[in-house]
Amino acid sequence: MIHIIGGGLAGSEAAWQAASQGVPVTLYEMRPARPTAVHKTDRLAELVCSNSFRGDKLDNAVGLLKEEMRRLGSLIMRAAEASRVPAGAALAVDRERFAALVTSAVAEHPLISLVRQELTSIPSSSAAAPVIVATGPLTSDALSADVARLVGGEHLYFYDAISPIVSAETVDHGKVFRQSRWDRSLRTAGAACGVDDGEGDYLNCPLTREEYERFHDALVHAESATLHDFDTERFFEGCLPIEVMAHRGVDTLRFGPMKPVGLTDPRTGREPYAAVQLRQDNIAGDHVSLVGFQTQIKWSEQARVLRLIPGLEQVEFVRFGMVHRNTYINGPTVLAETWQARRDPTLFFAGQMSGVEGYVESAASGLIAGLNAAALASGRGVSAPPRTTAIGALAYYVSHANPGHYEPSNITFGIMEPLPHPPKSKAARKLELSRRALEALAVWIDGRGLGRPGAGGGEPALDGEGAGRAGVGPRA
Ligand SMILES: Cc1cc2nc3c(=O)[nH]c(=O)nc-3n(C[C@H](O)[C@H](O)[C@H](O)COP(=O)(O)OP(=O)(O)OC[C@H]3O[C@@H](n4cnc5c(N)ncnc54)[C@H](O)[C@@H]3O)c2cc1C
């Protein structure tokens, strides 16, 4: 028997996977009795914002992740296919139909008991009865307190303060210089927000007084993104958005994330008036983030204002900055690659709570957590897919990234194991990574005895999965 808390994308997928392995599951979902600030229905796997599962081709990492999930018999992928709406190269769904399909598939599965109840503490777990916590970014307060007790308060976060990420090759390297503050490797305070300047190598964008004042002026006049209810709570003082700091005074940023102390611009031999630091953001080194630059200004405004920084005039944005409510653990400190807690392997975390980012990534983590919890409950060995797969790379990132400035990540080719002999062209490289991943996954599936005769073969069909298969029920 497995207990799963939270019937979102991760919890529903985990329940389905474990039940598909023949292990009974009790799935606890607190809605509708206790709502969240953003969910609107009582359905499982409700999509709280966009209706897109992003790119669906193999030249794109999330397209690869989805293909791997299909091959692993993912319920979320099957429901998405059955509720697909036209969206070009992306997989987008009719959200009502999608959530209804997941809800009926889970609720009607003979091995899953769906209990509509808020759990205020994590039930005790054992190898025979493992527990998966999949309560998402809006985990209820009581359960959050219990997770904090279990993992240590310093390893649980309540807000995402996300700095923008840009493509490294679009930075003007003639204007920036590489240097660590004070030229030494020293961790400093402020690490909660990623402002741990001094550690490792940084690219520095120096600003003159005139450039700084022009940037400051643009920032205080930039349009802010609309605040949701859940965003109105107080920010952590150590993770203030840059526009909030800018409004406090013209020099506040110069004493915060734009401080120049300890830096020497090689072109002038002097400390710049202000500086923005860029830190490598992925293993491949083709993404860099703007250190301490979390922001809530509108994405179009971010592009305009941040391109005023010398060296960033032509940058391409990989991800814009954000600040929003997000409950998640520090994955590298708490988790093993199998999504088990290091301190208690009978306890699993999955979904956004485990430190991944996005609908697909949340469901993917639930998929492996569900399989491994089922293996544990049946006395079989747990394992993680290889790092050459997207689903394995995600698990590796969550359990091995630098815990000092951990941020939840989407799947990208940059976190996958690099190719030993990468083709020169970017497009060929991506396709080769995908080809290798699917080959490695097939071997892993065989090794685990997970081979399925087809998408969901032998499992209940979902409404709309194909002609003559309407309704939920065992397949003919
Ligand atoms: C406002 C917002 C917008 C987002 N927009 C996007 C987007 O557009 N695209 C994207 O890819 N990702 C988005 N995300 C990120 C993330 O991918 C989604 O939040 C995703 O739903 C996470 O899946 P999950 O299963 O981890 O959590 P959820 O889908 O939130 O599921 C968790 C479930 O646990 C339940 N629960 C919570 N506490 C308890 C408890 N104590 N007992 C029982 N049940 C409990 C909740 O009611 C919920 O149903 C967004 C996140 C937020 C907060």
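Predicted model: local features only at pLDDT ≥ 70, side-chain atom pairs only at ≥ 80, totals over all residues.
Good morning. T389 is buried, with a relative accessible area of 0%; buried here means under 20% relative accessible area, exposed means over 50%, and partly exposed lies in between, with a 1.4 Å probe and protein chains only as cover. This residue sits in the loop between α10 and α11. Leaving out residues up to four places away in sequence, T389 touches E68, M416, A437, A440 and L441, where a contact means heavy atoms within 4.5 Å.

Residues are numbered from 1 along each chain as its sequence is written, and side-chain values use heavy atoms, with hydrogens and water left out.

Let me turn to the chain as a whole. Its secondary structure comes to 12 helices and 16 strands; these are DSSP runs numbered from the N terminus, with helices being H or I of at least four residues and strands being E of at least two. The protein chain has 476 residues, and 56% of them count as buried. Among contacts between residues at least 6 apart in sequence, 70% join residues at least 24 apart. The accessible surface of the chain is about 19,400 Å², and 54% of it belongs to carbon and sulfur atoms; such areas come from the Shrake-Rupley method with a 1.4 Å probe, and for residues only the protein chains shown count as cover.

How confident is the predictor? The mean pLDDT of the protein chain is 87, and 88% of its residues reach 70 or more; pLDDT is the predictor's confidence in each residue, from 0 to 100. Over residues 227–234, however, the pLDDT is below 50, and this stretch has 13 contacts in the model beyond near neighbours in sequence. Residues 467–476 also have pLDDT under 50, and for them the model has 23 contacts beyond four places in sequence.

I come now to helix α2. Why may α2 be described as largely enclosed by the rest of the structure? Nine of the 11 residues of this helix, which spans residues 61–71, are buried, so α2 is largely enclosed. The buried residues are A61, V62, G63, L64, L65, K66, E67, E68 and M69. The cover over them includes β3 (52–55), α3 (75–82), β5 (90–93), α10, α11 (390–400) and α12 (426–447). E68, one of the buried residues of α2, is also among the residues that T389 touches. At the start of the helix, a side-chain oxygen of N60 reaches to within 3.1 Å of the backbone nitrogen of V62. After α2 comes G73, whose phi is positive, near 75 degrees.

Next, the ligand. Which residues come nearest to the ligand? Of the 32 residues around the ligand, these are E29, R31, Q352, G358 and Y359, a residue being near if one of its heavy atoms lies within 4 Å. By class, the shell has 13 nonpolar, 15 polar and four charged residues; Ala, Val, Leu, Ile, Met, Phe, Trp, Tyr, Cys and Pro count as nonpolar, Asp, Glu, Lys and Arg as charged, and the others, Gly among them, as polar. A polar side-chain atom of R31 lies 2.9 Å from a ligand oxygen atom, and a backbone N or O atom of A10 lies 2.9 Å from an oxygen atom of the ligand. Taken alone, the ligand exposes 970 Å², of which the protein buries 93%. The elements giving two or more residues to the shell are α1 (9–20), β2 (25–29) and α10 (359–377).

Helix α10 also holds S365, which counts as buried because its relative accessibility is 0%. Beyond four places in sequence, S365 touches W339, A350, G351, S354 and V356.

Finally, is Q314 buried or exposed? Q314 is exposed, with a relative accessible area of 65%, and lies in the loop between α8 (299–306) and β14 (317–319). Its contacts beyond four places in sequence are with T170 and R307. Thank you.

How values were computed. Polar contact = N/O pair within 3.5 Å; in protein donor to acceptor, adjacent residues only side chain to side chain.
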